Amino acid sequence: MAHSDKQVFNPPSVRTPFGAYNHGLLVPPGASLLVTSGQLGIAPDDTIPPDVTGQAELCFEAIKAILAEAGMTFADVIRISGFVTKREDFSAYMAVRDRYTAEPKPVSTLIVVGGFTRPEFLVEVEVTAAKVV
């Protein structure tokens, strides 16, 4: 999906986004929609990095592979939902997110949660992507 295929909405009556994201994106009719499950920071060999940066990188690499299998890239991502277990991990997570996302930046939600299925997990990420076919 070319940049011009998505319309960005950041109304002047709404506070400017806190980071590299947009408040709203409009996808044109006829777009294919891909929704991922939440991806955790675990490698195919079951190793789990001890820090949020390493785990977030694994989350985004997993999403990259899912997008590729669907014939998409991060340029097609329209929404990211990120979940971290510690507020102090926000900036490390957002630095990884910002390296992977493309213009126009997707809409984004980041939530602090009490934990995941295993205590060593620090972050989980899910995306929605749309591409005109």
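**Charged pairs and aromatic rings in a predicted model**

Arg 97 is buried, with a relative accessible area of 3%, where buried means under 20% relative accessible area, exposed means over 50%, and partly exposed covers what lies in between, with a 1.4 Å probe and protein chains only. This is a predicted model, in which local features need pLDDT of at least 70 and side-chain atom pairs count only at pLDDT 80 or more, while totals for chains, interfaces and linings use all residues. Residues are numbered from 1 along each chain as its sequence is written, and side-chain values use heavy atoms, with hydrogens and water left out.

**Salt bridges**

- Side chains of opposite charge can pair when their charged atoms come close.
- A search of the whole structure finds 3 salt bridges, a salt bridge being a side-chain nitrogen of Lys or Arg within 4 Å of a carboxyl oxygen of Asp or Glu.
- Buried Arg 97 forms a salt bridge with Asp 98, and the closest N and O atoms of this pair are 2.9 Å apart; Asp 98 itself counts as partly exposed, at 29% relative accessibility.
- Arg 99 forms a salt bridge with Glu 57, with 2.6 Å between the closest N and O atoms.
- This pair links distant parts of the chain, since Arg 99 belongs to helix H2 (residues 90-100) and Glu 57 to helix H1 (residues 52-69), 42 residues apart; helices (H or I, at least four residues) and strands (E, at least two) are DSSP runs, numbered from the N terminus.
- Arg 99 counts as exposed at 51% relative accessibility, whereas Glu 57 is partly exposed, with a relative accessible area of 27%.
- Glu 120 forms a salt bridge with Arg 118, the closest N and O atoms being 2.9 Å apart, and partly exposed is the class both of Glu 120, at 33% relative accessibility, and of Arg 118, at 35%.

**Aromatic rings**

- A pair of aromatic rings is described by the distance of the centres and the angle of the planes.
- The rings of Phe, Tyr and Trp (its six-membered ring) pair if their centres lie within 6.5 Å, and planes under 30 degrees apart count as stacked, over 60 as edge-to-face and the rest as tilted; by this rule the count comes to 4 aromatic pairs.
- Phe 60 and Phe 74 form a tilted pair, 6.1 Å centre to centre and with 40 degrees between the planes.
- Because Phe 60 lies in helix H1 and Phe 74 in the loop between H1 and strand E5 (77-84), this pair ties together parts that are 14 residues apart in sequence.
- Phe 60 is buried, with a relative accessible area of 0%, and Phe 74 is also buried, with a value of 10%.
- Phe 60 and Tyr 100 form a stacked pair, with 5.2 Å centre to centre and 20 degrees between the planes.
- Phe 60 lies in helix H1 and Tyr 100 in helix H2, so this pair ties together parts that are 40 residues apart in sequence, and both residues are buried.
- Ring pairs link Phe 60, Phe 74, Tyr 93 and Tyr 100 into a cluster.

**Phe 90 and its contacts**

- Phe 90 has its place in helix H2 and counts as partly exposed, at 24% relative accessibility.
- When its neighbours within four places in sequence are left aside, Phe 90 is in contact with Val 84, Leu 110 and Val 112, contact meaning heavy atoms within 4.5 Å.
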